[in-house]
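Subject: Structure handover and notes

Dear colleague,

Please find below the structure that I promised to pass on to you.

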Amino acid sequence: MSAHRMEREMAEQPQVLGHLAARAEEDEERIRAVLPEPLTGTTFIARGSSDNAAVVGRYMAELAAGRPASLAAPSLHTLYGATTAFDGHLAIALSQSGATPEINLVLRRIGEGGAVKLAVTNDADSLLAEQADCVYDLAAGPELAVPATKTVTAQLFAMGVLARALGPAPSHQGLAELPEAIAGLLEDREPARALALRWQGAKRMIVAARGIGLGIALEGALKVEELTGIQATAFSAADLRHGPIAVVQPETPVLLLDLGGPANEDLAELATEIAARGGSLATCGSGPAATLSVPPLEELAAGIAATVRLQQLALELSLLAGLDPDRPFGLSKVTLTW
């Protein structure tokens, strides 16, 4: 048995995703049953790792529903006292604990504005779940290590189920294949260990992607920062070109996520630019030359697999630095923002 709780919780991901896959059709129907008619838009409310899953959900929801999807700005409601009409909207609050006061307050305010409220949480008895019109229970079991792992991949899976409830869209197939695919990745730590050795001692890192992959890049960068203190910044590949690419100096670690979707050509061009600048380039994807390989899955499923690869990379960097991955310095499991 692993000495670290984080590793044990990572190992539970195939089981958690298998359970969610088995009940996916039921969950789709429950969400579909509460959708406003007509649906005018979706709004996501989250912080931290949950917010990264919400970024993925925002892409998926707009593709599936053909209606605008947005990320809520919590301070509009908690600090500025905004009163905004949300008639015809579905508000999706993501919180692993369901206990963050800010997320609870914003969901309530948006609900008062007319939205139907969906809670995506790992605690079906939480305050968030109690106020929601519909609850998607991640049912991942207790997650005690500070870095979120199995709850994040469960939230990403939930975004695929949500998309199927909203309408037809690309990139939300292949979810049923994930438990077996991720079990295989978890047995293969060597690629992450080798990349961690290559980047050992780095002070900063860039993770870049586009489209659905952006939320995966954000989550990967967050995991590296949480576990190691390395300044890891996630960018859209397009935004990276608008000035920030200047930080790519010789030997700067740059990880590109290519999930096999419509952004792959753009990412290939960016890889050429990074190499020309002398960056220490690595890739995560299903291509034959990928540094961190994932199985050839549909884009969202590939993104969930890539999330596991990035968990492995952050873990290996932490262990090489002699840190405790279960208890990163100065962090707690639940962050009580207002």
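Predicted model: local features only at pLDDT ≥ 70, side-chain atom pairs only at ≥ 80, totals over all residues.

Residues are numbered from 1 along each chain as its sequence is written, and side-chain values use heavy atoms, with hydrogens and water left out.

Most residues other than glycine have a negative phi, and most peptide bonds are trans. The peptide bond from Glu37 to Pro38, however, is cis, with omega near 0°, and Pro38 lies in the loop between helix H3 (24-34) and strand S1 (41-45); helices (H or I, at least four residues) and strands (E, at least two) are DSSP runs, numbered from the N terminus. Ala139, which is not a glycine, has a positive phi of about 50°, and its place is in the loop between strand S5 (134-137) and helix H8 (150-166). Glu251 also has a positive phi, near 75°, and sits in the loop between helix H12 (237-241) and S8.

For accessibility, buried means under 20% relative accessible area, exposed over 50%, and partly exposed in between (1.4 Å probe, protein chains only). Ala139 is partly exposed because its relative accessible area is 33%, whereas Glu251, at 60%, is exposed.

Glu316 belongs to helix H14 (residues 299-320) and is buried, since its relative accessible area is 5%. Leaving aside neighbours within four places in sequence, Glu316 is in contact (heavy atoms within 4.5 Å) with Arg189, Ala192, Arg193 and Ala196.

The structure holds zero disulfides, a disulfide being a pair of cysteine sulfur atoms within 2.5 Å. Cys134 counts as buried because its relative accessibility is 6%, and Cys284 is buried as well, at 1%.

The second largest pocket holds about 220 Å³ of space. A pocket is found on a 1 Å grid over the protein atoms alone, as an open set of points where a 1.4 Å probe fits, with protein on both sides within 12 Å along at least five of seven lines, and lining residues have an atom within 4 Å of a point; grid points are joined across faces, edges and corners, and the volume is the space filled by probe spheres set on them. Of the 17 residues that line this pocket, the closest to its centre are Asp258, Thr283, Cys284, Gly285 and Gly287.
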